[in-house]
Amino acid sequence: MQSFFFTAAPRQCIELYFDEKYSIEPSWECKFDHIEVRDGPFGFSPIIGRFCGQQNPPVIKSSGRFLWIKFFADGELESIGFSARYNFTPDPDFKDLGVLKPLPACEFEMGGPEGIVESIQILKEGKASASEAVDCKWYIRAPPRSKIYLRFLDYEMQNSNECKRNFVAVYDGSSSVEDLKAKFCSTVANDVMLRTGLGVIRMWADEGSRNSRFQMLFTSFQEPPCEGNTFFCHSNMCINNTLVCNGLQNCVYPWDENHCKEKRKASLLDQLTNTSGTVIGVTSCIVIILIIISVIVQIKQPRKKYIPRKSDFEQTAFQEVFEPPHYELCTLRGTGTAADFADVADDFENYHKLRRSSSKCIHDHHCGSQLSSTKGSRSNLSTREASILTDMPAQPVKPLGPPVSRRNILVMKHNYSQDADACDIDEIEEVPTTSHRLSRHDKAVQREGFSQGLSISPSSFSGLPTLC
């Protein structure tokens, strides 16, 4: 058995012509010697036909850039065999796009315990421009005795279900068609587990499919039993300890990312010893230096002297001068409060008697009286007043004390005329004055004068005009 594989350039097809020299052992349904042609790169690709006998097969044309041919002979009956020619022709599906320009070289080498393969690397590393068709390959090499696990993080084809225009293919062991593991050109891409330590990722996208993208995480693993520096993923995988709690799921199931919050809290002090700890230490040192400099400047700076100012006045004198006076109304002080009340009552009684006697005197003087004549009224009054004043013994003058109270006396104003029948009191005016407390002797003299109805003591009502 012998097989042939033909690969054309992108946007091309393959045409196969058999020559006239053609002779293969005939059999029912060509079960013995025969030629098998398939439209694609694999032995399971869609079959185009199985040929045997003496009649030449027709012209065979592939639908894409791959064609697979197999020749089988059992060795019993011999025949001439066959001879064929092939040509590459433009693909009719890309007739509007024209001939494809030469593709740029686009290959990447990667390795290690883990890594990320992504389509954006093409632009980052300048392998091709955004308007060029690409046919890029990533070669992933795992450590010795390790295999490769591939997990898609992102995947999207601009022209989905059009494998001629864009696809992502995974090869296990080499980049040949025979080692093709999986090919994705639809809307879904599955994880792939390779059996060897060499994996090849291939991305094809024409000019109209450059928006297709993918991102894939590869993880190198070993089969159990796991070594001391590895982590068991519970899925026949032993990964490196450095991949545990790194924020990425490296196992088939997320065993490596479970219980990572507790571990991050425990390793907080370890993280501070790295870059963040250095930054914090430098900042703290700068702050301390600035504080020390500010303290030194404050110490060396001249300070202002404080001189206490003498007061220009004495506080006690100021208090005495500006202290407001205290006023007391109707207060009676001392031990003789009851006697004072009695004196006040006597003063009021004497005042009323004086008022009545004064009114009678004025009435008799101006209006006439049945008991005395008009001439003798004033002379008798003055004579009696003079005699009483001469008979009164001289009293010692006492110093005047502070006024105890303020009293009001009534001054009567009279309007009178020559008419004896019309004598009325028009108005009584209340005039405020200040009186002093009288001695008991003076009060006795006043009572005697009131009994006679002739005079008023000048010491009790100073400054009053004589009414009669």
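Helices (H or I, at least four residues) and strands (E, at least two) are taken here as DSSP runs, numbered from the N terminus. With that settled, the stretch at residues 279-299 is a handy place to start: it is 100% helix and 0% strand, and its end C-alpha atoms sit 31 Å apart. UniProt, in an unreviewed entry, lists residues 279-299 as "transmembrane region"; UniProt positions are given in the numbering used here, feature names are shortened, and annotations may be inferred rather than shown by experiment.

The model is a predicted one, so local features need pLDDT of at least 70 and side-chain atom pairs count only at pLDDT 80 or more, while totals for chains, interfaces and linings use all residues. Residues are numbered from 1 along each chain as its sequence is written, and side-chain values use heavy atoms, with hydrogens and water left out.

Now for the chain as a whole. Eight helices and 20 strands make up its secondary-structure tally. Of its 468 residues, 32% are buried, where buried means under 20% relative accessible area, exposed means over 50%, and partly exposed is whatever falls in between (1.4 Å probe, protein chains only). The accessible surface comes to about 31,300 Å², and carbon and sulfur atoms own 56% of that; the areas come from the Shrake-Rupley method with a 1.4 Å probe, and for residues only the protein chains shown count as cover. As for contacts (heavy atoms within 4.5 Å), those with a separation of 6 or more come 68% from residues 24 or more positions apart.

Aromatic rings are next. The structure holds 11 aromatic pairs, counting rings of Phe, Tyr and Trp (its six-membered ring) whose centres lie within 6.5 Å; planes under 30 degrees apart are called stacked, over 60 edge-to-face, and the rest tilted. One of these is Trp138 with Phe214: the ring centres are 5.4 Å apart and the planes stand at 90°, so the pair is edge-to-face. This pair links distant parts of the chain, with Trp138 in strand β10 (residues 134-141) and Phe214 in strand β16 (residues 213-221), 76 residues apart. Both Trp138 and Phe214 are buried. Elsewhere, Phe18, Tyr22, Phe71 and Phe82 come together as one aromatic cluster.

Rings also meet charges, with a charge said to sit over a ring if NZ of Lys or CZ of Arg is within 6 Å of the ring centre and within 35 degrees of the ring normal. Lys183 lies over the face of Phe167, at 4.3 Å from the ring centre. Lys127 does likewise with Phe108, its charged end being 5.4 Å from the centre of the ring.

Most residues other than glycine have a negative phi, and most peptide bonds are trans. Against that background, Pro224 and Pro225 are joined by a cis peptide bond, with omega at about 5°; Pro225 is in the loop between β16 and β17 (230-232). Cys30 has a positive phi, near 55°, and is found in the loop between β2 (12-18) and β3 (34-38). At 9% relative accessibility, Cys30 counts as buried. Arg145 also has a positive phi, near 60°, and belongs to the loop between β10 and β11 (147-156). Arg145, though, is exposed, with a relative accessible area of 65%.

Ser62 is placed in the loop between β5 (60-61) and β6 (66-72), and its 4% relative accessibility makes it buried. The side chain of Ser62 reaches the backbone oxygen of Gly64 at 2.7 Å. Leaving aside neighbours within four places in sequence, Ser62 is in contact with Cys13, Ile14, Asp39 and Leu67.

Gly49 lies in strand β4 (residues 47-51) and is buried as well, with a relative accessible area of 12%. Not counting residues up to four places away in sequence, Gly49 touches Ile35, Glu36 and Val37. The C-alpha atoms of Gly49 and Ile69 are separated by 10.0 Å, the two residues being 20 apart along the chain.

Thr242 sits in the loop between β18 (238-240) and α2 (260-266) and counts as exposed at 58% relative accessibility.

Conventions:
Polar contact = N/O pair within 3.5 Å; in protein donor to acceptor, adjacent residues only side chain to side chain.
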